[in-house]
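Welcome! Please take a look at the sequence and the model below, and then let us walk through them together.

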Amino acid sequence: MAKRKPIPEEIVEEANEAALDRHEKDYQALAGILERRGTNIEKIVAEAMRLEVAVPSWGFAQGGTRFGRFPIPGEPRGVEEKLQDAAVVNQLTGMTPRVSLHIPWDKPDNPRALKRAASELGLKFDAMNSNTFQDQPGQELSYKFGSLCHTDPAVRRQAIEHNIECIEIGRALGSKGLTVWLADGGSFPGQMHLRRALDRTIDSLENIYTALPSDWRLFIEYKPFEPAFYSTVIQDWGTSWLAAQELGPQAFCLVDLGHHLPNTNIEQVVARLIAVNRLGGFHFNDSKYADDDLSAGSIKPYQLFLVFNELVDAQKDRVIRKRRPRFAPAYMIDQSHNLKDPIEDLIQSATEIHRAFVKALLVNRKALERHQEDNDPVMAERTLKEAYETDVSPILAEARRRKGAALDPIAAYRSSGYRARAAEERA
Ligand SMILES: [Mn+2]
């Protein structure tokens, strides 16, 4: 646990005391509802306490769009202050003990010192994120026409070396994974040779894969379009899977919920990747139109539930557990914030991910399987909806309370005055 709490513990305790009476009543009421269904609430709370999701280092500064950015007072000025803000989210939610670091945006001068600073705040490091989608000041060669796919071997070499540097920094920080997302692609038909661009990308990824420590995973993220508007090299889960197959057993596909064309059945993509044992992890966020980077669960909470329904189903599947006892996708949040206080937005997202997971735990899987075998779509759907429509807020709150976190994290955060204090200290 954290040696240093960014918000004084008395403040969280006071906020919890104010909410305790109502919480206990709600919890008992829900326990009764679940008991009638044959579900023991204590078992669900115990499972709920085990969910963890990583937060992105880039999510703590106020984001923006290409049209504008509206800074708020008290934003973190560097990676150390981002860690402090991450510790606030973890202190109040009890479920975000790891930070996913972006290089070079949050490149530490001294990785070992940063690891110590994180440890004092009760934090560790999740997957590293490389960046070959923009040119950095002083960079020798440009990524304007691609990085790992570039026609010039010198550009590919530079991009490979950057990824290897990310692995080295990550080793010093105690990370166990590297996420590669590529903007590589073309905006006009004919601009790039579609097959050769992928061949060169996989060849470059092989160079990175070779540098991967044996206990690391490589996550290959896909995205259909933007910034490339005609063809993206790794555009979907099929191409990501193909690349992972070429590389070897430490390579996995990463599902960013915002990186799908509208109406894609993402839960089915998840089921497919589980079936071929290449589901590496998630970037959670939500979207209405494209890669909107909105708070997880803010637009399509039912979709988020259906994704977790596949994950919980796989976790409880005896065949899958036997074949691969370490089925453990990496859960990360990937979103940026233009309107909300980033700390509040990450608290909201973590809570909605938690909610979708706990609702998925409530699905009566035996009944669902029976209805599927009987080809009864009405009862099968009703079984899912019974879980989805259950208000599991008291379970989430109880899981947080037992971890020493906040019954109501947003209320505790607002009563703490943390942002106003940060605005003074970070002026
Ligand atoms: Mn992402």
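**A walk through the fold**

In strand β10, A330 is the bridge partner of G281. This is a predicted model, in which local features need pLDDT of at least 70 and side-chain atom pairs count only at pLDDT 80 or more, while totals for chains, interfaces and linings use all residues. Residues are numbered from 1 along each chain as its sequence is written.

Strand β9 (residues 279-284) runs parallel to β10, and 4 bridges join them. Two strands pair if DSSP finds at least two bridges between them; strands (E, at least two residues) and helices (H or I, at least four) are DSSP runs, numbered from the N terminus. Step back and you will find an open sheet of 8 strands, paired in parallel in the order β1-β2-β3-β4-β6-β8-β9-β10. At its edges stand β1 (55-56) and β10 (330-333), each with a single partner strand, so one side of each has no neighbour in the sheet.

Now turn to helix α2 (residues 41-48), whose buried residues are I41, I44, V45 and A48 (buried means 20 or more other C-beta atoms within 10 Å of the residue's own, exposed 12 or fewer, partly exposed in between, with C-beta atoms placed from the backbone). Seen down the axis of α2, these buried residues fall within an arc of 100°, so they line one face of the helix; the arc is that of the directions from the helix axis to the C-beta atoms. On the other side of α2, E42, K43 and A46 are exposed.

Overall, the protein has 16 helices and 10 strands, and buried residues make up 45% of its 427 residues.
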